[in-house]
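The following exercises concern a single protein chain, each with a worked solution. Please consult the sequence and the structure while following the steps.

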Amino acid sequence: MKFFFKPVSCISFLFLFACGGGSSSSDAEIINPITPPTPNDLPECNPSGYEKTFYCTYTRLDLDREFYVYVPDDIYSKTANPPLLFNLHGYRRQAIDFLGYSGFQILADEDKFIVIYPQGSILPSSGEPHWNDTGWSSESPADDVDFISSLIDWSLTNYQINPNRVYATGKSNGGKMSYHLACNLRYRIAGVASVGGTMNPNTYSSCNPSHPTPIIHIHSEDDTVVPIDGNWRSLPLTEMMDYWNTYNVCEESSVTAITDVNNDGESGEIFLNYTCLNQVETKLYLTKNMGHDWPTDLNSYDIIAADEIWQFLRQFDLNGRVVQ
């Protein structure tokens, strides 16, 4: 499958926003509004048994919710207001398992950011954990946009996180939910990363972001769970990336090869779109022979997802590229 990302004009940009695609400006700084939480109760957190990790439970909109929060030592040694990264597991999966293999803890220790691993609620028809990105049937009991938003409020109160540096990433259904947050939490999500999860058609048709949004996406050509050509549950990968390139008014692009680290003769390509509003970028890693997996240093793929994701996202906040 070939990807040709064309530069877009300001005319296309203005048309998109006139049709309800949201608004953004490179002239005015975004001030993130802080909305006090309105829960049934507040999270209660206890040591999880895992290093630097707390297990938290509470009731939100009459639904019992769970999450893990990883807090590095000396979290305020680099800044009084650390960044926050949400890491969302895939369908049928568990937050504690994703915490174990997704690979963000070492990076969080180095750069001093907090990672929250929320647990999806149970979908009644399957009895499996899921994220309600509106791609599911109306039976889902969860308002996961509200859930994540409430955890941002809680993090502001408990950890004084930087409200301009809140990011979302995830795998498969968790990746789709990350895009859904970018479209529906407006001034709260600074950037998004997804592995093997494109936007679902409902998210795409109603997407209403509020600022140029940096996007990094990792997908394999041979993914059969979320195929790159799309299906009734998943937008084709080219269509989704074109949406964000158009929204961000990206004017230039490049294609480079992924280094064949594992020497299997197969790697893939990196599609970078840049010279976008507020100096954000979109970046697609289209890999080969990875299937529907999250690449780590344990499974011998050519990239490590956590490394690529954090090195990309850390360059941006709600107002675009930040000085490092």
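**Exercise 1. The chain as a whole**

What percentage of the 324 residues in the protein chain do buried residues make up?

Solution. The model is a predicted one.

Step 1. A residue is counted as buried when its relative accessible area is under 20%. By this criterion, 54% of the 324 residues are buried.

Step 2. The secondary structure comprises eight helices and 15 strands.

Step 3. Consider the contacts between residues at least 6 apart in sequence; 66% of them join residues at least 24 apart.

Step 4. The chain exposes about 13,700 Å², and carbon and sulfur atoms supply 50% of that area.

**Exercise 2. The nonpolar cores**

Solution. 

Step 1. The largest nonpolar core contains 45 residues, and Ile116, Leu181 and Trp244 have the most contacts inside it.

Step 2. Helix H4, residues 144-159, gives the most to this core, contributing eight residues.

Step 3. Apart from this core lies another, of 35 residues, which includes Phe104, Phe113, Cys250 and Trp294.

Step 4. Return to Leu181 and set aside residues up to four places away in sequence. Leu181 then touches Leu88, Asp144, Val145, Ile148, Ala168, Arg186 and Ile189.

**Exercise 3. Helix H5**

Solution. 

Step 1. H5 covers residues 173-184, and its 12 residues should span 16 Å at 1.5 Å a residue. The expected span uses one less than the number of residues.

Step 2. The end C-alpha atoms of H5 are 16 Å apart, in agreement with the expectation.

Step 3. Because 11 of the 12 residues of H5 are buried, the helix is largely enclosed by the rest of the structure. Among the buried residues are Lys176, Tyr179, His180 and Leu181.

Step 4. Asn173 also lies in H5, and its relative accessibility of 5% places it in the buried class. A polar atom of the Asn173 side chain lies 2.8 Å from the backbone nitrogen of Trp131. With residues up to four places away in sequence not counted, Asn173 touches His89, Gly90, Tyr91, His130, Trp131, Asp133 and Trp136.

Step 5. Just after H5, Arg186 adopts a positive phi of about 50°.

**Exercise 4. Salt bridges across the sequence**

How many salt bridges does the structure hold?

Solution. 

Step 1. The structure holds eight salt bridges. Side chains of opposite charge can pair when their charged atoms come close.

Step 2. Arg65 and Asp144 form a salt bridge through their side chains, at 2.9 Å from N to O. Since Arg65 lies in strand E3 (residues 63-70) and Asp144 in helix H4, the pair ties together parts that are 79 residues apart in sequence. Both Arg65 and Asp144 are buried.

Step 3. The side chains of Arg314 and Asp111 also meet in a salt bridge, at 2.9 Å from N to O. Arg314 is in the loop between H8 and strand E14 (316-317) and Asp111 in helix H3 (residues 105-111), so this pair ties together parts 203 residues apart in sequence. Arg314 is partly exposed, at 23% relative accessible area. A network of salt bridges links Lys78, Asp111 and Arg314.

Step 4. In the salt bridge between Lys288 and Glu221, the closest N and O atoms are 3.2 Å apart. Lys288 lies in the loop between E13 and H8, and Glu221 in the loop between strand E10 (215-220) and helix H7 (237-247); the pair therefore ties together parts that are 67 residues apart in sequence. Lys288 is partly exposed at 30% relative accessibility, and Glu221 is partly exposed at 31%.

Conventions. Residues are numbered from 1 along each chain as its sequence is written. This is a predicted model: local features need pLDDT of at least 70, side-chain atom pairs count only at pLDDT 80 or more; totals for chains, interfaces and linings use all residues. Side-chain values use heavy atoms; hydrogens and water are left out. A nonpolar core is a set of buried Ala, Val, Leu, Ile, Met, Phe, Trp, Tyr and Cys residues joined through side-chain atoms within 4.5 Å. Buried means under 20% relative accessible area, exposed over 50%, partly exposed in between (1.4 Å probe, protein chains only). Helices (H or I, at least four residues) and strands (E, at least two) are DSSP runs, numbered from the N terminus. Contact means heavy atoms within 4.5 Å. Accessible areas come from the Shrake-Rupley method with a 1.4 Å probe; for residues, only the protein chains shown count as cover. A polar contact is a pair of N or O atoms within 3.5 Å; within protein, one must be able to donate a hydrogen and the other to accept it, and residues adjacent in sequence count only if both atoms are side-chain atoms. A salt bridge is a side-chain nitrogen of Lys or Arg within 4 Å of a carboxyl oxygen of Asp or Glu.
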